[in-house]
Amino acid sequence: MTALLEVEDLHVAYGKIEAVKGISFTVDTGQIVTLIGTNGAGKTTTLRTLSGLLTPRSGTIRFDGRPLHGIPAHRVVALGLAHSPEGRHIFPRLTIAENLQLGAFLRKDGDGIAHDIRHVYELFPILGERARQAAGTLSGGEQQMLAMGRALMSRPKLLMLDEPSMGLSPIVMQKIMDTIAELKASGTTILLVEQNAQAALGLADRGHVMETGRIVLSGTGAELLHDESVRKAYLGED
Amino acid sequence: MHELPQTLVSGLALGTLYGLIAIGYTMVYGIVQLINFAHGEIVMIGGFGALTVRLWLPDTVPLTAALPLMLLGGALTSVAVATAAERFAYRPLRDAPRLAPLITAIGLSIALQQLVWAFYPDAKKSRSFPQFHGDAFELTGNVHLQRDDVFVLVAAPLCMLALGLFVAKSRTGRAMQATAQDPDTARLMGIDTDRIIVLAFAIGGAFAAVAAVAQGLRAGQINFEMGFILGLKAFTAAVLGGIGNIYGAMLGGVVLGIAETASTTYIQHIPGMQQLGGGGWKDVWAFVLLIVVLLVRPQGLLGERVADRA
């Protein structure tokens with residue numbers, strides 16, 4: 001099986017400051033792959049580069065068999081790569097339903113869109129109850145559900161989630177993590193960026209630990225969960 | 001108090017004209033946070049575009065029949081210049097410091113004035129603009145509506161209705177709202193934000209041309225400098241109403257128009273202020289109003305506090 005996403009020797013810089021310093025990893029269809037690491041490790045920069053918001057300095061990205069280089073962000077989603085950004089970034093003054101419809105902006109199949117909106121409401125019933133409410137009025141956890149639902153609306157081949165647990169209470173976070181597991185079970189391929197290493201590694205088929213722009217350690221989720229250095233650095237154990 | 005109805009009617013005509021221009025400022029600001037100070041000149045150019053069409057048409061064509069073609073000609077000119085300004089003047093500066101596009105806008109504004117001055121036939125002085133002939137309509141006893149004001153009072157609500165429906169209901173309109181609220185995330189949805197920005201300039205240009213025709217009809221003339229004070233007033237209206245909000249722009253225009261008209265009607269009757277109520281003072285009162293509103297409501301009448309980004 002060939003990889004759905006292949007990243008090779010990717011370098012990304014903001015001006016003179018290099019934020020990603022030559023990382024390589026792959027995501028296979030049906031997998032959850034996670035990038036973990038502290039703030040400033042380059043995880044978000046990596047996702048923003050994959051979705052075309054940032055231009056890499058060098059390196060190659062192949063998605064679904066074709067190079068992504070030079071494709072503007074608004075075309076990347078059409079290729080099947082959806083990105084739920086860090087900080088959720090829902091459209092606050094549009095309703096929940098309108099936010100979800102925007103997730104399907106490039107789709108023309110009205111029936112399919114309606115079906116998928118119902119599916120999102122099944123995953124997150126609270127969104128269905130508040131469909132006509134401005135998204136800015138939702139709580140943080142509900143906004144995170146909306147951001148995930150909106151990303152799913154493009155029927156992506158690969159779903160990229162950036163810090164879905166950020167700022168959430170343990171209960172809401174568990175709900176989000178359960179949903180990610182459900183999505184995987186239904187066949188969605190996921191690239192998950194998390195600071196909450198415990199939760200992310202528990203779900204992931206493969207994990208990569210990033211530090212200051214480099215991947216310093218890779219392994220299966222279980223391997224990393226039991227790795228001495230990971231436990232010390234990211235799971236708060238002595 | 002018996003002047004009040006007349007003040008409202010005249011103020012409404014002037015105010016909707018300001019509102020049409022204010023839409024151009026507010027749409028562009030809402031999407032790229034740029035004050036397009038050349039927008040007044042987009043109005044002026046639209047006026048000359050409309051005049052050109054009138055001059056092409058034989059004199060036997062009545063003004064009522066010529067008006068749609070004049071609007072079309074004016075709008076094509078304004079939209080072409082506005083979108084060209086976006087593409088060649090502002091887009092290359094999108095990631096530059098804020099001051100760069102602002103200075104570019106001022107330069108563009110001077111350049112457009114001078115181009116018309118230098119190259120449009122006889123534009124070194126005012127050119128006369130066609131007007132409807134006949135007396136003002138008598139609405140009730142003492143309230144009159146100038147024939148030439150009927151146009152703006154019909155056109156402005158129609159334009160607003162069309163824009164409101166477009167923004168709220170159409171797919172592109174929703175993409176426009178998304179781009180205004182969060183441009184990067186809009187791109188993640190597959191929205192070509194460059195196209196949306198061009199569209200914002202184009203809509204502003206089209207509205208500017210309608211305003212230019214309205215102004216030409218009211219004044220009976222247009223000139224290469226007309227965009228300056230119109231632009232300044234409309235910018236004031238946009239800020240007054242809450243910049244970024246299209247209904248705020250129209251509301252701000254109407255409030256400003258009525259306030260201006262009222263200042264020339266009433267202030268001369270206030271004891272001790274006789275000499276402050278003349279037509280020459282109306283601009284002063286317009287800006288006093290702006291200052292007062294901004295002191296009380298810095299975000300403008302319908303503006304929102306920008307703090308809802310989590």
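Student: Does A:Asp9 count as buried or exposed?
Tutor: A residue is buried if 20 or more other C-beta atoms lie within 10 Å of its own, exposed if 12 or fewer, and partly exposed in between, with C-beta atoms placed from the backbone. A:Asp9 has 12 C-beta neighbours inside 10 Å, so it counts as exposed.

Student: What kind of model is this?
Tutor: Residues are numbered from 1 along each chain as its sequence is written, while chains are lettered from A and ligands numbered from 1 in the order in which they are written. Local features need pLDDT of at least 70, side-chain atom pairs count only at pLDDT 80 or more, and totals for chains, interfaces and linings use all residues; the model is predicted.

Student: What is the phi of A:Asp9?
Tutor: Most residues other than glycine have a negative phi. A:Asp9 lies in strand E1 of chain A; helices (H or I, at least four residues) and strands (E, at least two) are DSSP runs, numbered from the N terminus. A:Asp9 is not a glycine, yet its phi is positive, at about 50°.

Student: Where is A:Thr212, whose phi is near 40°?
Tutor: A:Thr212 also has a positive phi without being glycine. With 14 C-beta neighbours inside 10 Å, A:Thr212 counts as partly exposed. A:Thr212 sits in the loop between strands E9 (206-211) and E10 (214-220) of chain A.

Student: In what order do the four strands of the open sheet in chain A run?
Tutor: Strands count as paired if DSSP finds at least two bridges between them. Here the pairing is antiparallel. Strand E2 (17-27) and strand E5 (66-67) of chain A are the edges, each pairing on one side only. The order is E2-E1-E4-E5 (chain A).

Student: Which residue is the bridge partner of A:Val12 in E2(A)?
Tutor: Strand E1 (residues 5-14) of chain A pairs with E2(A) over eight bridges, in the antiparallel sense. Among the residues of E2(A), the bridge partner of A:Val12 is A:Val20.

Student: Which helix of chain A packs on that sheet?
Tutor: The helix touches E1, E2 and strand E4 (58-63) of chain A, and its direction makes about 70° with that of E2(A). Axes are lines fitted to C-alpha atoms, for helices over the stretch in contact, and angles run from 0 to 180 degrees between N-to-C directions. The helix is H1 (residues 43-50) of chain A.

Student: Which residues of helix H3 (residues 96-103) of chain A are buried?
Tutor: Six of its eight residues are buried, so H3(A) is largely enclosed by the rest of the structure. The cover includes helices H4 (110-123), H5 (125-129) and H6 (140-152) of chain A, together with H6 of chain B. The buried residues are A:Ile96, A:Asn99, A:Leu100, A:Gln101, A:Leu102 and A:Gly103.

Student: Which element gives the most to the side of chain B that touches chain A?
Tutor: Contact requires C-beta atoms, placed from the backbone, within 7 Å. By that test, 17 residues of chain B are in contact with 23 residues of chain A. Two elements give two or more residues to this side of chain B, H6 and helix H7 (183-188) of chain B. With five residues, the element that gives the most is H6(B).

Student: At roughly what angle do the axes of helix H5 (residues 147-169) and helix H6 (residues 171-181) of chain B cross?
Tutor: B:Phe166, B:Val167, B:Ala168 and B:Lys169 in H5(B) meet B:Gly173, B:Met176 and B:Gln177 in H6(B). The axes of H5(B) and H6(B) come within 5 Å and cross at roughly 75°.

Student: How compact is chain A?
Tutor: Chain A has ten helices and ten strands. Its radius of gyration is 17 Å, close to the 18 Å that the globule rule gives for 238 residues; the radius is taken over C-alpha atoms, and the rule is 2.2 Å times the number of residues to the power 0.38. So chain A is as compact as a globular protein of that length.

Student: What share of the 310 residues in chain B is buried?
Tutor: Chain B comes to eleven helices and four strands. Its C-alpha atoms fill a box of roughly 60 × 50 × 35 Å, taken along the principal axes. The buried share of chain B is 48%.

Definitions and conventions:
Two residues are in contact if their C-beta atoms, placed from the backbone, lie within 7 Å.
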